[in-house]
Amino acid sequence: MRHEADAPMPPVFQISGLTKIYRTGDVEVRALNGVDLTLESGEMAVLLGPSGSGKSTLLNIIGGLDRPTSGSVKFKGEELAGANDRHLTAYRRDHVGFVFQFYNLIPSLTAWENVALITEVASKPMSAGDALALVGLESRMNHFPAQLSGGEQQRVAIARAIAKRPEVLLCDEPTGALDSATGIIVLEALARVNEETGATTAIITHNAGIRKIAHRVYSFLDGRIASCELNEERIKPSEVSW
Ligand SMILES: Nc1ncnc2c1ncn2[C@@H]1O[C@H](COP(=O)(O)OP(=O)(O)OP(=O)(O)O)[C@@H](O)[C@H]1O
């Protein structure tokens with residue numbers, strides 16, 4: 001007899017046949033066209049592909065910000081595709097941290113206050129200080145965003161995203177606005193967060209040089225997955241050639 005404890009853990013995300021069609025008047029855009037994709041617990045995945053290939057659409061759907069037209073999105077075995085607004089809001093609040101290209105920090109609050117704003121409403125957060133220390137900003141906690149570089153502001157945004165201890169960290173072009181040296185520091189922060197918190201991490205990028213820091217790379221083309229590679233050997237962000 002099989003005991004429950006022996007049952008294999010479902011992947012964090014199991015996505016199959018995912019389609020998203022945007023309709024504006026008579027114009028139809030098939031942003032995703034039958035995507036199958038898996039993300040295992042704790043893995044770091046890079047999503048690569050040209051502009052318009054569907055990467056952000058996929059990230060928004062797995063983050064519960066948008067709904068597919070058809071197909072299945074299972075989060076730890078639970079179907080999200082037909083979830084109502086309330087369910088999706090609870091899912092995002094409890095499980096998902098987002099990092100975007102632009103940091104969206106509140107200018108009148110310090111780094112610590114920007115993070116603490118989130119820890120105040122989360123159920124089992126780490127402290128704002130611990131979250132900022134994880135991204136190497138312990139000495140900048142009392143600075144306002146205008147007193148921080150772009151890379152430091154992005155690290156505050158990462159601290160804010162992970163302070164509630166999400167199981168999933170979704171990053172849409174997190175280094176898109178940064179020069180290479182700063183981008184590498186931000187990737188180092190993401191790799192450290194992934195290792196130390198175990199958050200399953202997906203990073204969208206246009207920069208193919210970043211692919212080798214991931215466990216797995218999904219390449220998008222025209223709303224489909226053109227290829228999926230597993231990296232047998234990963235490189236450190238400091239070894240990325242930009
Ligand atoms: N809200 C929307 N309404 C209509 N079309 C949309 C919408 N969002 C995205 N699209 C279209 O869907 C397609 C996929 O867009 P998506 O943003 O997912 O691509 P992407 O790979 O993330 O591109 P980029 O790298 O430029 O961000 C594009 O043709 C885009 O114009």
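Start with the open sheet: select its six strands, which follow the order β6-β7-β8-β3-β9-β10 with mixed pairing. Here strands (E, at least two residues) and helices (H or I, at least four) are DSSP runs, numbered from the N terminus, and two strands pair if DSSP finds at least two bridges between them. At the edges you will see β6 (96–99) and β10, each with a single partner strand, so one side of each has no neighbour in the sheet. From one strand to the next, the twist averages 15°; axes are lines fitted to C-alpha atoms, for helices over the stretch in contact, and angles run from 0 to 180 degrees between N-to-C directions.

This is a predicted model, in which local features need pLDDT of at least 70 and side-chain atom pairs count only at pLDDT 80 or more, while totals for chains, interfaces and linings use all residues. Residues are numbered from 1 along each chain as its sequence is written.

Next, select β6 and β7 (residues 168–172), which run parallel and are joined by four bridges. Phe98 stands opposite Leu170 in β7.

Move on to β3 (residues 44–48) and β9 (residues 216–221), a parallel pair with four bridges. Leu48 has Ser219 in β9 as its bridge partner.

Finish at β10 (residues 224–230), which runs antiparallel to β9 over six bridges. Look for Phe220 opposite Ile225 in β10. Two residues lie between these strands in their hairpin, where Asp222 takes a positive phi near 50°.
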